[in-house]
Amino acid sequence: MSVHRSALAVYAVVLVVAFCGILLALFAYHGPDESSGRDYINRGVGDTGAVNLVSAIYLNYRLYDTLFEILVFSVAVLGVRFYLTDQRASDVVESVPESHVVRRSADLLFPLILIFAVYLVVFGHLSPGGGFSGGAVAGSGLLLCSVALGAGVVARRFHERVLERLEWTALLAILLLALLPLLAGRPALYDLLPRGTPGRVASGGSILLYNLLIGFKVFVGTWVIIHFFIRHRGEI
Amino acid sequence: MTQTALLLLLPVVAALTLCQRRRLIAVIGMGVFSLLLSAVYLLAAAPDVAVAEAAIGSALVTVIYVLAIRKTGRLVVVGCEVPGLLGREGKRVVGLEHDVLEGFARELGLDLYVQFVPRESIEPALLRGEADIAAGGLVKGDSAQELCTTPVHLPTAKFRIVMRKGAKPLAEFGGSRGYLSDIVEAVRHKQPLDVTLDLARFMTVSRQDLTGYEVERLPEESAYTFLVNPNRADLVSKLGAFLGKMQEKGELEAFIRRHMS
Amino acid sequence: MGAINGVTVSIVLFGIGLLGLIFRRDLVIKLLALGLVNSSTILCLVSLNVRRGGAVPILRGPDIRHVVDPLPQALVLSAIVINFAILALALVFVMLLVERYHTTDSRRIEHEIDSEGSS
Amino acid sequence: MILVLLPLSHFVFSSLCLAWHRGARALTQVSWGVDAALIGALWWGVRHGKTISVGLGGWGRSLGIELSADWVGLVFALLALLVGGAVSVYLSRVTLRSYFYVLLHLLLGCVFSILFAQDLFNIYVTLELLTLVSFLLVGYERTSIQIWVSLKYLMLTALGMGIYLLGLAVLYYHAGTVNLSELGVRLGTGAQQPWVIVSSSLLVTGVAVKAGIFVFSLWLPAAHAVAMPAVGALLSGLVIKMGVVVLMRLAAVFPVSVPLLVLGTMTGLLGIAYAVSTYDLRKLLAFHTLSQIGYLAVGLGIGTRVELTGAVEYAVGHGLFKALLFLAAGTVIASTGQNDIRSILLWRSRIPVNARLALLVAVLANLGLPPFAGFFGKAVLLSGAESVLIETILIAISIGTVVSFLKLLPLFWWGRGPSTSRSQSVSFLLLSVPIVLFSPLMQWLLPEWCWSLSFRTFPAVESVLIVVFGCLVYRFLPWRRIRMPDWVFHLEEATVIIISGFLLVCGLSLLP
């Protein structure tokens, strides 16, 4: 058995080295010079009204992919909730709140984190950021809050049923927003809103709207995931 | 320049991380790796990706890993049920050894998890690595294999229960180790018996009617010990130190008095 | 651009991740290795068309000559979220397995399950 | 419009199920009606061999995402409709959480989306969603083995998808596009450059992990065998086929015919070897799925028009009867309480009549006997095979199929069984009717040229001969002594095997 194992190990190492070797050799071989993606760079701002080309692609040109990505995230939230409930019927165990200093600093820090998250979401079409990053930052901020105040306090403030309802409402809103152009006789996922002046907050058509919805949804989803991980443990 | 340095750092950090034995360190290493990666993205003119990687890849992922592995970080104890030492009260586990191990686990930052198994499968469980520590009234020299035993013991008295006429030989009950349930059964049916028992087991047996048996307290003391998984030899010295500290503070005596009186 | 660029490093990282995936038996570390494999593909995509002095794909001025290709960056955002989702679910399952088998060793779990199945 | 509505309506329904727990079942019925209407409209759109395509958001294929559908998409959509409907009817007496229906809708939405996808990255995202959904479905009952198997599934497919994404990176670096039809134009003909070979091998490896090609999909037998029967039907009938559809799209663009031929042969023969050596009913079905995927891969590898038609027909037929087999096997196992075929035979009087009939129909279709669904696909595939070698391989796989299924023969005895459940009968009927009436159905759906292909040869005699020969082999082969190694299915070994599979594909692509 051990001979089999060590032979397998040697084989695996050789294999991985060969795998990397092939790929490295391929990339060492000189690639094409012309740069791709010029289409987006030349016409992206005019087409979508968003200065940040990445969010222009992410939420306009290739919005369909993003819908799937949101669904993937929702499935993750759903799965975590399903598999971690009624495993052990422990409600949130009151963890001992941290010391006064920690609590004060969390009180100070949380609004700052929230402001940063909102900035990421709202200015997603103008500067780096966007709904997903903003939502994740806000969700992690809430974790900080629950470390300082005790998970029970935060969990009471963000009630489970409410969270669940908020989550599917946001999902439904995003899906319906994507299907709305069909009613207007346009292709699905078409951007109905005016493009605005590039560079302003009110520009980029529906990108801002999508960013807000996604940010909200990801914020709730992130908190649900963290909340269930904490609850399953019984404490933080 | 900075970019090249960062890029060279990435495989080093990754390789070191994946070689870690302790999961917590590996997870933190991965968080560091993600931060480096997001710096690389920033330098590679991809600020959007950098923000996403920092927010999701390094913050969120590390958080859920830490939450998950605290869950998986446990001290697993196997043992046979011996009331007073390691017993059950409803769903709770109670007893002297349980209290001691609970304190020890808390000191290590682990959750205590007690699994009750028959006496004969304790050692295989340890050898298979399914548990870290074995407990439940074990005495020194108890293990057939070379398993680690802790240097400090929990001292109590020893008893002998005898019924003279046609006593079965000791070996049938496993000597001083004794299959407790067999002995209790034997006492209940008033079968001939000749066994030496430690205090905890004696307390269990004495709940039965012992008329007709001779009971004598032996002069020598018995001492309980813990067996430790040979792969976790580091636990031996830690547990020894912990017990020593308890003895110094007098907590050990208090525990023994509480459970053994 | 020398031999050390994002693409070559990403391939090396992919290899390291693969080795971790094959040789580490701890499921948590396996998941870390899987995350490494996926991050390395992301690094590969992002560094594909980056030349030295490439500009950020956020068009603030009229000069758009050096702007890097925004498409891989947009694709990669999806991939990051997907990796997170996979990881979260896999961790939940690892936690459930640990609860039942008290180990994160993949071989031991596999062995236990095989013996359960055959009995 | 239909192309977007089919997937997105399912996603809307899934979020509605999340919102309204008690109405999940009713919503599923409504969505089935919506699907049927949309597929009707799709049929109207693609009749006479037309293709409809749409650029989402009003962007062209070079900027945005393109969806397009032709008759291939249509027949697979119909398969999804039937299998999805049968599964939801089959489960209508079982109490399930709304969670299950949410996942069911997500799964169907993904399936519809993959059928129309023309964009490699969109395929990646959809495949990932499909992976996660099927992962959660496999573990639905939370038994330890389900959890372990689905974790293994998730880890291996995640690795596969990582390899796929690497292939995408290579491709984008050199070709500058991720759209399949644009890619076809840019590659032109006879592109044998190194990057084409490496990127196509990476992409094929990644998809093959999902598609049930044997050396890659080592998670498959266990996952399909331990999941709930309804989930097994969905996975074997639909999800695996989606991998095949993606492989078909890749094979249309990249020069991967030699690797597909070799992999197909390996998959077919190894799948049968494992199927012959197992006694677990559901494992037998799962291994058998593998062998039939090999059949399909050989068809895709040859890649002529005839072979593609045959592969599509056989994939749809196989989806139907494999779903039926899993559902019927679920009833058999539930009524006898046994997994092992030998023990099931002892309790065979407990098996309801409807399950027995359904099994009989499905097995006959599986053996490739006329006029059942399996026959037409196999006939077209055989008629299109131009070299003797390939014909031999296909016939060998067919014979192996017969051999592995003869173990089930004693199940089909005539006698009274216990009372049957009506919803299950309806669900069996929903799948059996199209299996029996496969030829008129296809005649109605397929464009004329495809159909003329299907009738070009009619080797009914050949298929009967195969069955007879298979019986002889079963009688005289010492198949009881065959033991196949189990260790290949372990997590670490499977990882190693996937990487070696990549090198194999790479090496085979170098061959002319």
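Angles under 35 degrees count as roughly parallel, over 145 as roughly antiparallel, 65 to 115 as roughly perpendicular and the rest as oblique. What you're looking at is a predicted model, where local features need pLDDT of at least 70, side-chain atom pairs count only at pLDDT 80 or more, and totals for chains, interfaces and linings use all residues. Residues are numbered from 1 along each chain as its sequence is written, while chains are lettered from A and ligands numbered from 1 in the order in which they are written.

**Exercise 1.** Work out how H12(D) and H13(D) are oriented to each other.

*Solution.* Start by finding the helices, which are DSSP runs of H or I with at least four residues, numbered from the N terminus. H12 covers residues 281-302 of chain D and H13 covers 305-336. Next, take the axes, lines fitted to C-alpha atoms over the stretch in contact, with angles from 0 to 180 degrees between N-to-C directions. Here the angle is about 175 degrees and the axes lie 9 Å apart. H12(D) and H13(D) are therefore roughly antiparallel.

**Exercise 2.** Decide whether Leu213(A) is buried or exposed.

*Solution.* Locate Leu213(A) in helix H9 (residues 207-233) of chain A. Then count C-beta atoms, placed from the backbone, within 10 Å of its own: 20 or more others make a residue buried, 12 or fewer exposed, and anything in between partly exposed. Leu213(A) has 21 others within 10 Å, so it's buried. Finally, look for contacts (C-beta atoms, placed from the backbone, within 7 Å). Not counting residues up to four places away in sequence, Leu213(A) touches Ala170(A), Ala173(A) and Ile174(A).

**Exercise 3.** Find which helix gives the most to the side of chain C that touches chain D.

*Solution.* First, note that 32 residues of chain C contact 28 of chain D. Then pick out H3(C), which gives the most, with 14 residues.

Notes:
Helix = DSSP H or I, 4+ residues; strand = E, 2+ residues; numbered from the N terminus. Contact = placed C-beta atoms within 7 Å.
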